[in-house]
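Work through the exercises below with the sequence and the structure at hand. Each task is followed by a solution in steps.

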Amino acid sequence: MEVGIIFKIAAIGILISVITQILKKSDRDDIATLVALAGLIIVLTLVINMISELFENIKNIFYLY
C-alpha cells in the first residue's frame, strides 16, 4: 500500500470538512450535506479500488480462478 493514498484521503477529508464548516456558517446546511456526501463517495471509490486490487493480488498469489 502506498503512503500517498493515505495523504490523499486525509487531504480530501480536511478539504471537505473546511468547506462544510464554511457552508454551515453561511446557513447553507443543505449544500453542506451534499458536499460531505460527495466527499464520502470520492473516498469510498478510492478505498473500493484499493480493496479490489488487494483481492486481485490475493487471487494471483494463491492461483485462484
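The model is predicted.

**Exercise 1.** Find the helix that holds I61, and decide whether I61 is buried or exposed.

Solution. Step one: I61 belongs to helix α2, which covers residues 29–61. Step two: the relative accessible area of I61 is 58%. Step three: exposed means over 50%, so I61 is exposed. Step four: I61 is also one of the residues in a nonpolar surface patch of about 710 Å². The patch is made by I51, L54, F55, I58, I61, F62 and L64.

**Exercise 2.** Which class of accessibility does I9 fall into, and which residues does I9 touch, not counting residues up to four places away in sequence?

Solution. Step one: I9 is part of helix α1. Step two: the relative accessibility of I9 is 24%. This value lies between the cut-offs of 20% and 50%, so I9 counts as partly exposed. Step three: beyond residues up to four places away in sequence, I9 touches V43, L46 and V47.

**Exercise 3.** How far apart are I9 and N49 in sequence and in space?

Solution. Step one: in sequence, I9 and N49 are 40 residues apart. Step two: in space, the C-alpha to C-alpha distance between I9 and N49 is 13 Å.

Conventions
Residues are numbered from 1 along each chain as its sequence is written. This is a predicted model: local features need pLDDT of at least 70, side-chain atom pairs count only at pLDDT 80 or more; totals for chains, interfaces and linings use all residues. Side-chain values use heavy atoms; hydrogens and water are left out. Patches are made of residues with over 30% relative accessible area and no salt bridge: like charges are joined within 9 Å, nonpolar side chains (Val, Leu, Ile, Met, Phe, Trp, Tyr) within 5 Å. Accessible areas come from the Shrake-Rupley method with a 1.4 Å probe; for residues, only the protein chains shown count as cover. A salt bridge is a side-chain nitrogen of Lys or Arg within 4 Å of a carboxyl oxygen of Asp or Glu. Helices (H or I, at least four residues) and strands (E, at least two) are DSSP runs, numbered from the N terminus. Buried means under 20% relative accessible area, exposed over 50%, partly exposed in between (1.4 Å probe, protein chains only). Contact means heavy atoms within 4.5 Å.
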